[in-house]
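Subject: Handover of a structure

Dear colleague,

I am handing over to you the structure shown below. Please look through it first, and then read the notes that follow.

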Amino acid sequence: MSGSAGLVSVGMNERVAALVAGHTEGWKPGRVVRSDRGFVFVMTDDGVELARPATRLLKAADDGGLPVVGDWVLIGGDEGEPLVEVVLERTTSIVRRDPGKAARLQVLAANVDLVLVTHPIAEPPNLSRLERELALVWDSGARPVLVLTKADLSDDVEGAMAAVGEIAPGVPVHLTSVVSGLGLDELRGYLEHGETLALIGPSGSGKSTLVNALAGEDLQLTREVRVSDGRGRHTTVSRELIPLPDGGLIIDTPGLRAVGMWDSADGIDQAFSDIAELASGCRFRDCTHSGEPGCAVAAAVASGALPERRLESYRELQAEVRFVAEQVDVRARQARKREDKLLGRAIKRYHRDGGRG
């Protein structure tokens, strides 16, 4: 495997080296370690370089084509103005619906192996939000791990653990406190050399504090949570990939106010694997669990084996995915209509000019 110490420190491996070798333009490989205001900071053989996306990547912005933190890229352009020419194939990508546009996706991070879904338990956990985040992570292709933070402030630690465990089948759940050090050694066990971890969660969940604790130093600035409502200020204002002393890599992200679904049907099925398993016993294969006869899911709710709240959450996420699919279809039809108009105008000009191009 080729690559400088700088590239190895941010996860260069045989897969990435092979992708780089597939391009013969002589562009410089690197990994995006930070994105900010349309520019990206890229670790290359020559150190960190500030670059902006090439025009063809800007045209693919609505489809998630812009470089994001964690991406492996190829840099070209002039010496004084580096350009990201290519975003190499991603192994995973954490995607949500853009909060401002229903038919546009937003890639939060790429090439992540493990996602620590952080959630504070100073108050009872928000189970519906956690279900959304788990669906988002499962859909990314990465492995989720639930990290319940601020255990030292909880009045019912056992209740929080039990409630979260019921909605996260097959997902490791860790109880942590950076004040006492509880659970930190277990999390350090995930930081194998070359693996990339990302932290997601609401503002005030202690992501940056957790990064500092795992690194053993204040890599990220943190601010105290407002006492009045328990919400933190957005300490982390941009996504950043941080190499840790023992070789692991962590991507810290700003707090997510909105966790909108994109094309997340597979992720929802994995996040709600208990419902998917029950559904296999329904009389009808296309059962919507909304009153059909012989519905095994409805029977589980009636018996108390499945909380009604969980089924409602499942339905809500599925409806959201259908809505997004409809919006994307509308956007595609509008784009085709614009292309047809441009083609029609070009044909008219051609005939008007007597067939001269």
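Two residues are in contact when they have heavy atoms within 4.5 Å. In the protein chain, residues 24 or more positions apart account for 64% of the contacts with a separation of 6 or more. Please keep in mind that this is a predicted model.

**The chain as a whole**

The protein chain has 357 residues, and 45% of them count as buried. It contains 11 helices and 13 strands. Its accessible surface is about 18,300 Å², and carbon and sulfur atoms hold 50% of that area.

**Helix α7**

Is helix α7 largely enclosed or open to the outside? A residue is called buried when its relative accessible area is under 20%. By that cut-off, 8 of the 9 residues of α7 (residues 207-215) are buried, so the helix is largely enclosed by the rest of the structure. The buried residues are Lys207, Ser208, Leu210, Val211, Asn212, Ala213, Leu214 and Ala215. Their cover includes the strands β8 (114-120), β9 (143-149), β11 (196-200), β12 (240-243) and β13 (249-252), together with helix α6 (184-188). Glycine 216 follows α7 and has a positive phi, near 80°.

Strand β13, which is part of the cover of α7, is itself covered on both faces. Leu249 and Ile251 are buried on one side, while Ile250 and Asp252 are buried on the other.

Which strands are joined to β13? Strand β11 runs parallel to β13, with 3 bridges between them; here leucine 197 stands opposite isoleucine 250. Strand β12 runs antiparallel to β13 and is joined to it by 4 bridges, and leucine 241 has isoleucine 251 as its bridge partner. β12 and β13 form a hairpin with 5 residues between the strands, in which glycine 247 takes a positive phi near 110°.

**The second largest pocket**

The second largest pocket has a volume of about 620 Å³. The elements that give two or more residues to its lining are β1 (28-36), β2 (39-44) and β7 (105-110), and the largest share, 4 residues, comes from β7. In total, 30 residues line this pocket, and Ser35, Val68, Gln106, Val107 and Arg239 lie nearest its centre. By class, the lining has 16 nonpolar, 7 polar and 7 charged residues.

Yours sincerely,
A colleague

Methods
Residues numbered from 1 in each chain as written. Predicted model: local features only at pLDDT ≥ 70, side-chain atom pairs only at ≥ 80, totals over all residues. Heavy atoms only, no water. Buried < 20%, exposed > 50% of the residue type's maximum accessible area, 1.4 Å probe, protein only. Areas by Shrake-Rupley, 256 points an atom, 1.4 Å probe, with all protein chains shown as cover. 1 Å grid on protein atoms, 1.4 Å probe; cavity = no way out; pocket = protein on both sides within 12 Å on 5 of 7 lines; lining within 4 Å. Points joined across faces, edges and corners; volume = space filled by probe spheres on them. Nonpolar A, V, L, I, M, F, W, Y, C, P; charged D, E, K, R; others polar. Pairing = 2+ DSSP bridges.
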